[in-house]
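Here are my notes on the model, as numbered points. Have the structure open while you read.

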Amino acid sequence: MDPAALAATVAAGHRLTAEEGLAVLSTPDADTLRLVTAAGRLRREHFGNTVKVNYLVNLKSGLCPEDCTYCSQRLGSTAEILKYSWLKPEEAVEQAKLGIGGGASRVCLVASGRGPSNRDVDRVATMTDQLKAEHPEVEVCACLGLLKDGQADRLSEAGVDAYNHNLNTAESKYEEISTTHTYADRVETVERAKGAGLSPCSGLIVGMGESDEQVVEAVLALREVGSDSIPVNFLMPFDGTPLAGTWELTPLRCLRILALVRLACPDTELRLAGGREMHLRGMQATSLEVANSLFLGDYLTSEGQTADQDLAMIADAGFRVLGAGERPGTETATGQAAPWAAVSPQASSPQARTAAPAPCGAAASGDAAATPCGSPASAGSGCGCCSAESVSEAVIEASAGVPTGVEPRIRRRGAGTAQAPNV
């Protein structure tokens, strides 16, 4: 397969076939960056050099009656995650505003469970109304599970812009992933959202033991369902879940999967989601050549790298945050916007930059030891991928034939806690 020729045919209107998708996933490691370059031309054609920043607010954590094997919030999970019922509307709005201050143009309001009651839908409607009163330009995406009649319409009337409900995997694999609901149930909810005028957001999780054929099947199904934005999650194998200890991804395979999505859906928002730090590792910035969107900071039940690191990564790779205004004095010597250009004016001040925590690997006053990956070394926050208490035992030996990875770090800050989120 010639990646450049394939990308050119897609740019001319060709729809990627299943056979071509399998060829993409079969690209040798040595040719994968050529594939990324080819798919990246489609990304830049439709999205330029912008990266859309999204922010998650976990409205309700754990306590889920569904048995999805990948999920730390599932029925029977012994993962030591935060568990709490619904945040108050004012708490949720305050959390969302912190993400907006960090550069997010979309806020995702997420609640665990099979699906919302009508009262739950009204809660989210109230949150949306309060949030949009202060930030009318911000998109709100709700993710509440399986929807019943009329609920999507109620969310749309309240000003919700999008609804997330991932297909997660191929229909041919779905019974291995969940028995408490079906693949058809998920498709039906996406269709309900579309019917109410909500932008459909639906994606997948990779690394759960699916074959190449099933990855292609899932991606083409997302194309057929008409998803406007496709989040790609990379399995985080939480202890206490059936998929604990599952490590099937390498950074280069992750890049091939992202390239597949871009070639199948060239003008669709492609979002880096949970597990990107663990599985893409040093290829995260490279993946932005294909993906044009990411979640900022932490996820639902795990900690991601810090928001400062995310924004620096975007800027260092020559991209800019979608919707972030340029401010005088934020240009570096190379002409790239500084990573704090998308944040509040206070954050771009010399004093704020001087006071920022020392990165991992740098000697910080009072720190017993630096950590190795670039996250702040101060007071127990860490990046979620290499803090002192999560590295040594979590790294799986590459010599054993398993990709080197780091165990998920349970989220202990942000919504539902007394600690501020890392944005």
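1. Start with the α2–α9 contact: Ala-18, Gly-21, Leu-22 and Leu-25 of α2 meet Asp-212, Glu-213, Val-215, Val-216 and Leu-220 of α9. By class, the residues of this contact are 6 nonpolar, 1 polar and 2 charged. Here Ala, Val, Leu, Ile, Met, Phe, Trp, Tyr, Cys and Pro count as nonpolar, Asp, Glu, Lys and Arg as charged, and the others, Gly among them, as polar. Contact means heavy atoms within 4.5 Å.

2. Before going further, a word on what you're looking at. This is a predicted model, with residues numbered from 1 along each chain as its sequence is written. Local features need pLDDT of at least 70, side-chain atom pairs count only at pLDDT 80 or more, totals for chains, interfaces and linings use all residues, and side-chain values use heavy atoms, with hydrogens and water left out.

3. How do α2 and α9 pack? Helix α2 (residues 18–25) and helix α9 (residues 212–225) pack at about 125°, with axes 9 Å apart. That angle makes α2 oblique to α9, since angles under 35 degrees count as roughly parallel, over 145 as roughly antiparallel, 65 to 115 as roughly perpendicular and the rest as oblique.

4. Now the α1–α3 pair. Helix α1 (residues 3–11) packs on helix α3 (residues 32–47) at about 20°, with the axes 8 Å apart. So α1 is roughly parallel to α3. From α1, Pro-3, Ala-4, Ala-7, Val-10 and Ala-11 meet Arg-34, Leu-35, Ala-38, Arg-41, Leu-42 and Glu-45 of α3. That contact has 8 nonpolar, no polar and 3 charged residues.

5. Have a look at Ala-307, in helix α13 (residues 307–316). Ala-307 counts as buried because its relative accessibility is 4% (buried means under 20% relative accessible area, exposed over 50%, partly exposed in between, with a 1.4 Å probe and protein chains only). Ala-307 and Val-423 are 116 residues apart in sequence, yet 5.3 Å apart in space, C-alpha to C-alpha. Leaving aside neighbours within four places in sequence, Ala-307 touches Leu-296, Gly-297, Asn-422 and Val-423.

6. For the whole protein, I'd note 14 helices and 10 strands. Of its 423 residues, 56% count as buried.

7. Lastly, confidence. Mean pLDDT (the predictor's confidence in each residue, from 0 to 100) is 84, and 81% of residues reach 70 or more. Over residues 326–401, though, pLDDT stays under 50. Where pLDDT is low, the predicted coordinates should not be read in detail.

Technical notes:
Axes are lines fitted to C-alpha atoms, for helices over the stretch in contact, and angles run from 0 to 180 degrees between N-to-C directions. Helices (H or I, at least four residues) and strands (E, at least two) are DSSP runs, numbered from the N terminus.
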